[in-house]
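Biologist: I would like to learn how to read a model like this one. Please take me through it, beginning with a single residue.

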Amino acid sequence: MLLPSLRDDERPDALKAFATLFSCMTGFALLETARDALFLSSLPASRLAAAYLVIAFVTLTLTRLDKVLFGRFAAGNELRFSLFFAAVVTWLFWALAATADARVFFALYIWTGVVATLVIVRFWTALGTRFTVDQAKRLFAFVGSGSVLGAIVGSLTARLLSELGPPQTMLFFAAAAFFVSALIARPSARPAPTIKPPEPRQSWGAHDVVELVWSRAYLRRVAIVVLTASVTFTLIDFLFKSTVDRLVSPDNMGEVFSSIYLGLHLLSLVVQLAAVSRLVRRFGVNHAQAIVPLLLALGAGAFALSGALYFALAVKVIDGGLRHSLYRTTIELLFVPVTGELRARIKTFIDVLGQRGGQALASLAILAMLSLNLGDGAVAVVVVTTALSWLYLVLALRKDYLNVFRETLGEEITETRVRFPALDLASMETLLQTLSDSNDRRVLAAIDLLGEQGKAHVIPALILYHPSTSVVLRALRLFRTASRRDFLQIAERLVDHPDENVRAAILPVRASVDGSAWEAGLSDPAPVVHATSLVGLSAAGRATDAQRMELDSLVDEGTEATRTAIAVALHENAAVGRAQLLDRLARKPGLEPRRRALEAMRANPSLEFVDTLVSLLTERELRDEVRESLVAMGPEALLQLGRALKDFDFDYAARRRLPKTIGSFMSDDAARILLECLPEEIDGLVRFKILSALGQMRRQRPELELDETTLERGIDGSVAAAMKLSAWRKTLEQRLDRDPARETKAQAVLIGLLKHKQLHALERVFRLVNLWQPNEDLPRIFRGLQSSDPQTLSSSRELVENLVTGARRDALLSLIDELDSGWREKRDERSYYQVLGELVQCRSETLSALAVHHAGEIGAIELVDDLRAAQPGLSIRHAVVIDQVLSRLSATREKEAHDAG
């Protein structure tokens with residue numbers, strides 16, 4: 001029933017959460033049954049109030065010590081460790097239970113309450129970080145059913161064990177269930193797909209959390225709701241257990257509790273599967289939760305008036321059937337709109353303080369009633385009072401719940417900003433009210449949101465009478481997209497609207513009813529309306545040759561407003577020659593017409609647009625939209641971009657924008673193209689952009705498939721390049737003592753450039769390794785290697801030594817330490833002129849040009865042959881430089897040869 005609502009991308013997380021909660025609640029059901037049976041068989045029910053107080057005190061204390069107890073463990077593993085800890089301690093109680101000491105059973109009661117709060121709070125906090133509000137509404141019912149099913153299995157197991165042995169046996173199996181759930185549990189948050197970790201946030205103290213909860217109306221009301229609900233549930237628990245204590249003998253406690261709990265959990269399962277999801281979607285979160293206190297108040301009131309035992313049992317049935325199903329699901333949904341780190345801190349505080357603080361207040365009330373010798377009827381009256389208070393609070397919470405949506409709609413960046421769910425009735429009412437807001441920006445935001453949610457049909461057609469042109473145009477466009485027809489009569493009245501853009505926008509609407517509307521629009525004096533009519537006639541196949549020529553003329557010579565109108569009309573109408581017209585519009589000056597043309601291209605993708613779009617990558621204002629348009633063209637466009645990137649003669653201004661554009665496709669094919677281009681790329685800036693694009697893809701898609709062989713080749717090639725640059729630089733530096741005349745300005749620039757390129761090659765290595773190991777922050781380590789602080793440098797080097805393995809590590813350490821390595825030739829094997837000759841013939845034109853110039857400076861006639869070998873395939877400027885130096889050196893060599901002869 002619930003499983004089909006799971007989507008493929010949600011299924012792993014939801015099933016994992018279901019299994020964890022199932023196993024965990026199996027253990028809790030066994031633990032609670034054993035706890036109640038052992039406690040009431042050795043201690044009077046009046047001691048329950050003291051136990052509640054101690055539970056509240058211990059839980060609140062452990063919450064404050066949470067960081068000390070769990071801080072040393074890896075972030076995200078707190079839930080798993082908590083479950084392991086619960087298993088170990090429960091096994092310890094199983095061993096101690098054999099003593100039949102009442103103090104052990106009192107401590108067991110305390111332990112059960114403490115571990116239940118801490119583990120369950122941690123589970124739901126971790127789960128809430130994984131799903132949006134919409135997902136939570138669909139999935140929490142399914143995940144929560146794991147809790148109920150686990151409780152049923154635990155109660156059934158307890159029922160069987162109660163016939164086979166004493167309640168102590170249940171403790172062993174409860175611990176085993178906790179251990180299994182710890183093995184199943186996954187970390188509370190997904191591994192961050194970012195290389196650089198976020199900056200650490202200022203720590204939050206208890207005072208800061210209390211102040212924040214109290215200052216926010218929504219958080220404050222949620223905290224009071226949890227507190228009041230906890231008081232109510234504790235009073236009902238005492239009422240039920242004191243009744244059982246009076247009526248059941250100690251020897252039958254285990255059997256009675258296991259049977260009652262089994263029945264309650266079966267009822268809870270029915271509610272969870274059959275009602276929770278429907279109630280939440282039908283009535284909203286607040287009204288769905290209000291059902292729980294309402295039924296509890298009615299049941300407790302009936303018991304207070306009649307004193308009949310079956311009414312007391314009915315109250316417990318309502319409690320047991322709804323607390324772990326409807327109440328738990330709705331209370332967790334109240335926390336989901338609060339996002340980020342704030343949610344985890346606020347939820348933990350509210351859950352623990354609310355539940356255990358409420359338990360403490362209820363305990364004090366119970367102790368007061370016991371001291372006054374008041375009976376169960378008085379307890380029932382207090383239950384009615386707290387349940388009605390809870391009912392009022394949860395209904396009053398609706399206003400603040402909706403205000404969270406209003407804050408987001410108004411674009412107020414707050415810590416409690418929500419992620420919009422699929423709209424329920426209450427949220428829909430809020431948006432419809434916003435349509436009459438005096439602030440146009442809010443109205444436009446409401447229209448857009450309703451459109452995104454597929455609710456365009458609920459927007460009143462009368463909104464076309466809105467005084468804002470922007471609102472009317474947005475509504476018209478949405479109505480047409482949604483194929484609405486109920487606004488046509490109102491639309492007819494917009495023919496004489498004072499704004500020409502509205503008159504132009506209404507033409508397609510009128511033409512859908514009366515085809516002659518296009519001809520009527522030609523007589524409108526506004527160029528925008530006239531141009532829209534020409535496009536409409538062309539699309540309808542009724543344009544004359546003169547009209548088509550006029551449309552061509554307007555594309556070339558019309559105003560920006562006219563070209564914008566043509567682009568909008570082409571977006572919505574398949575006019576004759578639309579692709580050519582859009583292509584021309586995109587190349588014409590004017591930002592708005594070109595943006596509209598790009599929008600039309602995205603809506604009507606064609607490979608004919610690729611060349612134009614690539615040329616527009618040089619336009620900063622349009623670059624993002626151009627990339628979106630290219631992505632819309634699909635895989636064929638990606639292949640064309642890949643061919644352009646491999647073409648070194650392609651326009652450089654556009655080519656250096658191609659890596660990021662290719663990366664925008666976010667596909668495995670895009671990554672493959674970038675990786676293939678990397679080893680062959682000769683331009684340093686383009687290489688850097690390729691690596692940046694790959695890094696961005698890896699951050700956004702950690703599961704991205706990158707060919708390991710290509711990565712290895714790229715890493716090894718970059719290491720070899722860095723080693724070669726290092727060897728060249730050191731040879732040039734260390735040969736100066738043999739001939740001081742070589743120390744020229746060009747030589748100093750050449751050495752500096754070699755050092756600069758060596759640094760970039762080393763950075764390239766780190767970026768490539770980071771693509772292989774995305775969970776490590778290697779770029780940050782690289783920055784640490786350049787630090788002037790010895791401790792930072794030493795720490796970074798140590799990380800390299802431990803993160804990189806094999807010969808590659810030795811080469812990197814060699815580069816870092818500037819030591820010799822087998823990855824490069826020994827510097828003594830090559831002369832100064834040999835290195836200079838290699839630089840003359842290298843692929844880097846900048847290095848080659850500097851080496852040529854330096855050869856001319858020092859009269860290196862030994863390099864004439866190298867200069868001649870470097871001539872083919874050079875740029876004109878570089879060839880001229882070589883020709884000049886070659887002529888001078890050739891003349892010098894001939895003169896020396898003549899003198900020697």
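**Reading exposure and backbone angles**

Modeller: N373 is exposed, at a relative accessible area of 71%; exposed means over 50%, buried under 20%, and partly exposed in between, with a 1.4 Å probe and protein chains only. This is a predicted model, in which local features need pLDDT of at least 70, side-chain atom pairs count only at pLDDT 80 or more, and totals for chains, interfaces and linings use all residues. Residues are numbered from 1 along each chain as its sequence is written, and side-chain values use heavy atoms, leaving out hydrogens and water.

Biologist: What is the phi of N373?

Modeller: About 60°, a positive value, although N373 is not a glycine. N373 sits in the loop between α12 (340-371) and α13 (376-409). Helices are DSSP runs of H or I with at least four residues, strands are E runs of at least two, and numbering starts at the N terminus.

Biologist: Where is S483 found, and is S483 exposed or buried?

Modeller: S483 is in the loop between α16 (469-481) and α17 (488-492). Its relative accessibility is 58%, so S483 counts as exposed. S483 is another non-glycine residue with a positive phi, near 60°.

Biologist: How many helices and strands are in the protein?

Modeller: The protein has 40 helices and 0 strands. Of its 901 residues, 51% are buried.

Biologist: What share of the contacts joins residues 24 or more positions apart?

Modeller: A contact means heavy atoms within 4.5 Å. Among contacts with a separation of 6 or more, 74% are between residues 24 or more positions apart.
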